[in-house]
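Hi,

Here is the structure I promised to pass on to you. Have a look at it first, and then read my notes below.

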Amino acid sequence: MLEGKARIQDTDMPLKMQSQATLCASMALDLFDVTDCTSIAAHIKREFDKRYGPGWQCVVGSNFGCFFTHKEGTFIYFSLEKLCFLIYKAVALPYATEGK
């Protein structure tokens, strides 16, 4: 397990949740091949949905861009091994209704 080797780039998560994110990523890397980013991301998302409720999103890869809206206190971006991990809880924004 690669516990404690994650480099957190940016976050607004509480420390306990940050630890859970990096631990979950480390465990996923033990379960799946490092090239199977989809399975790694799915594993982390399922774990966060179980632990913290539905609505979590996870992106894993070595080169990606993103732009998103997240619930305050639920965002982390870190690297572990040669991969980057983005985990956040999505926010449902109300749809604009024309003419109402």
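A word on terms before the layout: helices (H or I, at least four residues) and strands (E, at least two) are DSSP runs, numbered from the N terminus. On that basis the protein chain has two helices and four strands, and from the N terminus on its elements run β-α-α-β-β-β.

Some ground rules. This is a predicted model, in which local features need pLDDT of at least 70 and side-chain atom pairs count only at pLDDT 80 or more, while totals for chains, interfaces and linings use all residues. Residues are numbered from 1 along each chain as its sequence is written, and side-chain values use heavy atoms, with hydrogens and water left out.

Now the overall numbers. Of the 100 residues of the protein chain, 36% count as buried (under 20% relative accessible area, with exposed meaning over 50% and partly exposed in between; 1.4 Å probe, protein chains only). The accessible surface comes to about 6500 Å², and 53% of that belongs to carbon and sulfur atoms (Shrake-Rupley method, 1.4 Å probe; for residues, only the protein chains shown count as cover). Taking contacts (heavy atoms within 4.5 Å) with a separation of 6 or more, 57% are between residues 24 or more positions apart.

Strands pair if DSSP finds at least two bridges between them. Six bridges join β4 to β2, antiparallel, and Tyr88 is the partner of Gln57 there. Another five join β4 to β3, also antiparallel, with Ser79 opposite Cys84.

What does phi look like at Glu81, in the hairpin of β3 and β4? The value is positive, near 60°, and this hairpin has two residues between its strands. Most residues other than glycine have a negative phi.

Of its 20 residues, Met13, Ile40, Ile44, Phe48, Phe78, Phe85 and Ile87 touch the most other members. α1 (15–31), α2 (37–52), β2 (56–61), β3 (76–80) and β4 (83–89) each supply at least two residues, and α1 gives the most, with six. Beyond its neighbours within four places in sequence, Phe78 has contacts including Ile8, Ala21, Ala25, Leu83, Phe85 and Ile87.

Best wishes

Note on methods. A nonpolar core is a set of buried Ala, Val, Leu, Ile, Met, Phe, Trp, Tyr and Cys residues joined through side-chain atoms within 4.5 Å.
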